[in-house]
Amino acid sequence: MTSSTSPSLAHALATRTVVLDGGMSNQLESAGYDLSDELWSARLLAERPEAITRAHLAYFRAGAEVAITASYQATFEGFARRGVGHDDAARLLALSVDLAREAARQAKDSGIERPLWVAASVGPYGAMLADGSEYRGRYGLSVAELERFHRPRMEVLAAAAPDVLALETVPDADEAAALLGAVRGLGVPAWLSYTVDGRHTRAGQPLEEAFALTADVDEVIAVGVNCCAPQDVVPAVEIASRITGKPVVVYPNSGEAWDAEARAWTGSTTFSAGQVRAWREAGARLIGGCCRVGPEGIAAIAAAGL
């Protein structure tokens with residue numbers, strides 16, 4: 001259940017495909033929770049932590065082997081806007097890891113025997129702004145400024161002893177450089193996944209250049225894409241694998257599009273488990289879903305026999 005009782009995630013990725021979970025927010029919304037707040041699912045760390053544990057458990061029962069914590073939108077700055085002080089914010093960040101660990105414990109108690117890992121989510125700077133800018137990047141901050149923003153919460157999350165840090169939904173190669181600087185010396189491995197538009201980051205940089213940043217970073221055990229359209233996965237996987245030689249992580253959205261102004265999803269679902277084999281053949285080794293992909297989608301991936 002923890003890194004001390006299971007093989008490392010890096011070792012597993014070297015030998016087989018590993019199933020990730022799906023979207024935390026849609027699972028909480030389906031349980032009746034209103035996530036229209038700027039803190040999104042992170043608000044429930046304080047108000048309904050048991051709901052987060054249940055969401056993680058639903059994914060483990062569906063076949064997921066990795067739970068991504070509810071810390072994507074959890075930042076010291078975001079909590080401060082809601083009157084939550086530094087120490088309490090740090091406690092909530094650490095709690096996100098504990099809740100995923102508790103779900104893994106309950107899953108084990110229910111008879112699940114496969115290894116289960118916890119990935120501590122580190123969302124982009126734009127997630128703190130809560131204005132959709134994580135889908136654009138180009139915040140007007142330097143790499144050094146972005147590293148100063150990310151490092152404190154990454155230190156707290158690393159101290160909570162997750163199996164891996166998920167540096168996820170990164171829209172901009174400059175922010176990736178900041179995250180890669182911040183992860184050094186923390187003692188916890190990481191994966192880094194961009195949100196992309198075709199063969200470019202959301203900020204417009206070629207993926208060849210963006211993935212090249214990770215190639216020589218020992219802490220990074222996987223690279224890839226998340227929170228993107230399913231049709232963008234295969235080209236990105238091929239580029240990531242070729243440029244870095246590392247295992248590739250993919251967890252796209254359902255195919256619907258997020259309207260930041262209306263704060264609503266639009267369009268139709270294009271995600272299907274039938275696409276997963278093509279992703280794996282392209283080089284993906286850590287496969288799941290992001291926004292609007294629920295336990296049934298993860299169960300279909302797990303049932304694909306990858």
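Helices H4 and H6 pack with their axes 8 Å apart and at an angle of about 50 degrees, which makes H4 oblique to H6. The structure is a predicted model, in which local features need pLDDT of at least 70, side-chain atom pairs count only at pLDDT 80 or more, and totals for chains, interfaces and linings use all residues. Residues are numbered from 1 along each chain as its sequence is written, and side-chain values use heavy atoms, with hydrogens and water left out.

**Conventions for helix packing**

- Helices (H or I, at least four residues) and strands (E, at least two) are DSSP runs numbered from the N terminus.
- Axes are lines fitted to C-alpha atoms, for helices over the stretch in contact, and angles between N-to-C directions run from 0 to 180 degrees.
- Angles under 35 degrees count as roughly parallel, over 145 as roughly antiparallel, 65 to 115 as roughly perpendicular and the rest as oblique.

**Helices H4 and H6**

- H4 and H6 cross in a right-handed sense (right-handed if the near helix is turned clockwise from the far one, left-handed if anticlockwise by less than a right angle).
- From H4, the residues Pro49, Ile52, Thr53, His56, Leu57 and Phe60 meet Leu95, Leu99, Ala100, Glu102, Ala103, Ala104, Gln106 and Ala107 of H6, where contact means heavy atoms within 4.5 Å.
- This contact of H4 with H6 comprises 10 nonpolar, three polar and one charged residues (Ala, Val, Leu, Ile, Met, Phe, Trp, Tyr, Cys and Pro count as nonpolar, Asp, Glu, Lys and Arg as charged, and the others, Gly among them, as polar).

**Helices H4 and H13**

- The axes of H4 (residues 49-62) and H13 (residues 295-303) come within 8 Å and cross at roughly 30 degrees, which makes H4 roughly parallel to H13.
- Ala58, Tyr59 and Ala62 of H4 make the contact with Pro295, Ile298, Ala299 and Ala302 of H13.
- By class, the residues in the contact of H4 with H13 are seven nonpolar, no polar and no charged.
- The crossing of H4 and H13 is right-handed.

- H6 passes H8 in a right-handed crossing.
- Ala90, Leu93, Ala94, Ser96 and Val97 of H6 meet Arg153, Val156 and Leu157 of H8, a contact of six nonpolar, one polar and one charged residues.
- Phe76 lies in helix H5 (residues 76-81) and counts as buried at 13% relative accessibility (buried means under 20% relative accessible area, exposed over 50% and partly exposed in between, with a 1.4 Å probe and protein chains only).
- Leaving aside residues up to four places away in sequence, Phe76 touches His86, Ala89, Ala90, Leu93, Pro152, Arg153 and Val156.
- The C-alpha atoms of Phe76 and Val276 are separated by 36 Å, the two residues being 200 apart along the chain.

**Aromatic pairs**

- The whole structure contains five aromatic pairs (rings of Phe, Tyr and Trp, the last by its six-membered ring, pair if their centres lie within 6.5 Å; planes under 30 degrees apart count as stacked, over 60 as edge-to-face and the rest as tilted).
- One of these is the tilted pair of Tyr125 and Tyr139, at 5.0 Å centre to centre and with 55 degrees between the planes.
- The pair links distant parts of the chain, 14 residues apart: Tyr125 is in helix H7 (residues 125-129), and Tyr139 is in the loop between H7 and helix H8 (143-159).
- Tyr125 is buried, with a relative accessible area of 16%.
- The rings of Trp191 and Tyr251 form an edge-to-face pair, because their centres are 6.0 Å apart and their planes stand at 80 degrees.
- Trp191 belongs to strand S5 (residues 190-194) and Tyr251 to strand S9 (residues 248-251), so this pair ties together parts that are 60 residues apart in sequence.
- Both Trp191 and Tyr251 are buried.
- Tyr125, Tyr139 and Phe149 form one aromatic cluster.

**Positive phi values**

- Most residues other than glycine have a negative phi.
- Thr169, which is not a glycine, has a positive phi of about 55 degrees.
- Thr169 is in strand S4 (residues 164-170) and is buried, with a relative accessible area of 2%.
- Cys227 also has a positive phi, near 50 degrees, in a residue other than glycine.
- Cys227 is in the loop between strand S8 (220-226) and helix H11 (233-244) and counts as buried at 2% relative accessibility.
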